[in-house]
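Please look through the chain shown below.

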Amino acid sequence: MGITRPNARVKKIKESAMQAAASYINIADLKSSGNALAAPADLPATGGGCGTHGGEGKASCGTSGGPDDMPQEIWDKVKNHPCYSEEAHHHYARMHVAVAPACNIQCNYCNRKYDCSNESRPGVVSQKLTPEQAVKKVLAVASEIPQMTVLGIAGPGDSLASPKKTFETFRMLQEQAPDIKLCLSTNGLALPDLVDEICKYNIDHVTITINMVDPEIGAKIYPWIFWDHKRVTGVEAARILHEQQMKGLEMLTARGVLTKINSVLIPGVNDEHMIEVNKAVKARGAFLHNIMPLISEPEHGTYFGLNGQRGPSAQELKAVQDACMGGANLMRHCRQCRADAVGLLGEDRSEEFTLDKIEEMEVVYDLDRRRSYQDKVETERQAQHAAKVEALASQGELEVDDSIKVLVAVATKGGGRVNEHFGHVTEFQVFEVSAAEALFVGHRRVDQYCQGGFGEDEQLPSVVRAINDCHAVLVAKIGACPRDELKGAGIEPVDAYVDEFIEKAALSWFADYRKRIASGEIEHQARGDASIRQGAYTAAA
Ligand code: CLF
Ligand code: SF4
């Protein structure tokens with residue numbers, strides 16, 4: 001199967017993305033540029049608001065939403081789920097257990113040597129566990145990390161291709177740790193047959209990876225599926241997969257299970273199709289749509305990697321996400337975690353919880369201790385929210401173009417604060433800041449610049465490339481050499497907001513930036529594009 005080259009409209013998205021941070025492609029541009037926004041003929045029209053009726057979207061508020069933006073029962077489900085609430089992901093952790101090794105389909109971006117790329121990134125292989133080992137591990141992590149609130153099963157194959165292991169793990173855990181939310185991720189092929197089982201075990205959150213709603217496009221992504229005891233290929237395989245995915249999604253929605261849709265953005269294959277996917281899943285009640293970049297390199301040994309299929313740049317990804325705004329709520333804080341990830345999104349503590357280490361640990365699952373710790377987390381989270389509201393209120397009136405939006409990279413080690421040294425960063429969080437808001441729009445992985453107390457100068461250009469579309473980088477501390485390199489690239493290093501909450505710091509810096517524009521001290525310049533790291537990730541990277 002050949003690789004489709006980007007067509008004219010994708011080129012338009014890319015050119016638009018490259019032009020300027022202030023001129024991202026928007027939904028209006030796409031409305032006027034083609035029919036991508038037209039709802040598929042067989043779908044009901046979508047409605048706005050936060051209603052929970054029928055197959056409509058349960059909330060129109062996005063993952064940054066709070067209790068005022070959605071019904072109480074939905075808020076109760078998402079408030080401390082780090083993937084379903086952007087705000088929660090600064091404070092609450094999740095973990096995965098790798099109990100599901102088999103898969104029933106083949107994706108062109110997957111090499112079975114690695115974890116399922118639908119819900120993880122290539123480059124590392126998880127330690128596979130039995131359900132008993134998995135439950136033991138969850139209890140060990142829960143006793144060490146009281147803010148770990150969610151257990152997900154996301155591979156390393158498909159969680160529903162090995163249903164016995166998946167459900168046995170959930171069943172045992174529910175008995176022993178009833179406060180932990182259960183979550184699973186699937187390609188959807190076996191989903192309709194297992195929806196009742198999902199409800200039986202109170203699994204409140206299900207992710208389905210849906211990369212297309214057009215089987216012709218699907219045939220470029222899936223070479224085969226295993227269906228009805230035989231291998232099915234081509235468009236027929238994609239058609240069956242598509243029908244199962246849509247049916248499964250509708251069934252979950254009808255039963256009140258919150259669903260998230262993961263889509264892998266593959267330039268030239270499904271990028272211009274993504275708006276249609278977004279509309280189709282919204283119409284069937286998906287709570288969230290997570291559009292993730294394809295990670296593709298020859299050394300991953302995947303069909304796409306070996307055939308030169310590239311992943312999107314940071315601004316290409318953002319342009320497609322921005323174009324989907326107004327449809328299903330978007331998740332932009334996904335970290336494409338491993339099937340055995342442990343910790344806050346963006347950190348991976350799985351090495352602390354290998355089977356041999358767990359054997360030596362004294363595991364005390366103390367529900368009261370977990371609750372009292374989470375109460376403290378909640379207090380901190382509310383303080384972060386209040387700081388953001390206060391910073392927004394003090395933005396003030398200036399003789400400056402109100403439509404200016406810029407990206408700001410942030411060095412943080414968690415808690416929603418600017419609290420990491422530039423040299424220690426392995427992941428920058430990126431916020432889009434305007435006079436109206438500071439919105440989390442993504443993250444950028446980088447190689448750690450400071451190694452053993454010294455800066456690795458050859459790493460600096462790749463760090464700059466990763467945040468090259470940002471106007472400033474907020475850090476707790478930064479050395480002279482990287483400071484000069486960043487300034488030379490037009491990125492302002494800022495260490496004036498140490499330990500402050502991120503949104504407040506970003507908004508304060510932006511207020512100062514606008515003042516400098518208003519006074520004529522500086523002129524607002526658009527930034528270029530940035531690269532998404534394509535290399536194999538490791539736990540330390
Ligand atoms: Fe895991 Fe997925 Fe549940 Fe989250 S991850 S099964 S919904 S608990 Fe989260 Fe990781 Fe992204 Fe998945 S950041 S890859 S979206
Ligand atoms: Fe690989 Fe996951 Fe696709 Fe299966 S569903 S082929 S494990 S990426």
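The sections below go from the whole chain to single elements and then to the cavities.

## Basis of the report

This is a predicted model, in which local features need pLDDT of at least 70 and side-chain atom pairs count only at pLDDT 80 or more, while totals for chains, interfaces and linings use all residues. Residues are numbered from 1 along each chain as its sequence is written, chains are lettered from A and ligands numbered from 1 in the order in which they are written, and side-chain values use heavy atoms, with hydrogens and water left out.

## Overall composition

The chain has 16 helices and 18 strands; helices (H or I, at least four residues) and strands (E, at least two) are DSSP runs numbered from the N terminus. Of its 541 residues, 59% count as buried, where buried means under 20% relative accessible area, exposed over 50% and partly exposed in between, with a 1.4 Å probe and protein chains only.

Among contacts (heavy atoms within 4.5 Å) with a separation of 6 or more, 73% are between residues 24 or more positions apart.

## The open sheet

An open sheet of 8 strands has the order E10-E9-E8-E5-E4-E3-E1-E11, with mixed pairing. Its edge strands, E10 (330-331) and E11 (342-343), each pair on one side only. Two strands pair if DSSP finds at least two bridges between them.

Within this order, E3 (residues 148-153) and E4 (residues 181-186) are parallel and share 4 bridges. Leu 151 has Leu 182 as its bridge partner in E4.

Strand E13 (residues 427-433) is largely enclosed by the rest of the structure, because 7 of its 7 residues are buried. Glu 427, Gln 429, Phe 431 and Val 433 point one way, and Phe 428, Val 430 and Glu 432 point the other way.

E12 (residues 406-411) runs antiparallel to E13 and is joined to it by 6 bridges; Phe 428 of E13 is the bridge partner of Ala 411. E13 also pairs with E14 in the antiparallel sense, over 7 bridges, and a hairpin joins the two through 4 residues. Here Gly 442 of E14 is the bridge partner of Val 430.

All ten positions of H11 are covered: 10 of the 10 residues are buried, so H11 is largely enclosed by the rest of the structure. Charged side chains are part of this set, including Glu 316, Lys 318 and Asp 322.

Val 277 lies in helix H9 (residues 274-283) and is buried, with a relative accessible area of 0%. Its C-alpha atom is separated by 5.9 Å from that of Val 213, 64 residues apart along the chain. Leaving aside neighbours within four places in sequence, the contacts of Val 277 are Ile 210, Asn 211, Met 212, Val 213, Ser 263 and His 289.

## Cavities

There are 6 cavities of 30 Å³ or more. A cavity is a set of points on a 1 Å grid, over the protein atoms alone, where a 1.4 Å probe fits but cannot get out; lining residues have an atom within 4 Å of a point. The largest cavity has a volume of about 320 Å³, counted as the space filled by probe spheres set on the points, which are joined across faces, edges and corners.

Of the 27 residues lining the largest cavity, Pro 293, Leu 317, Gly 442, His 443 and Ile 532 are the closest to its centre. E9 (288-293), H11 (314-323) and E14 (438-445) each supply at least two lining residues. By class, the lining has 13 nonpolar, 8 polar and 6 charged residues; Ala, Val, Leu, Ile, Met, Phe, Trp, Tyr, Cys and Pro count as nonpolar, Asp, Glu, Lys and Arg as charged, and the others, Gly among them, as polar.

Definitions and conventions:
1 Å grid on protein atoms, 1.4 Å probe; cavity = no way out; pocket = protein on both sides within 12 Å on 5 of 7 lines; lining within 4 Å.
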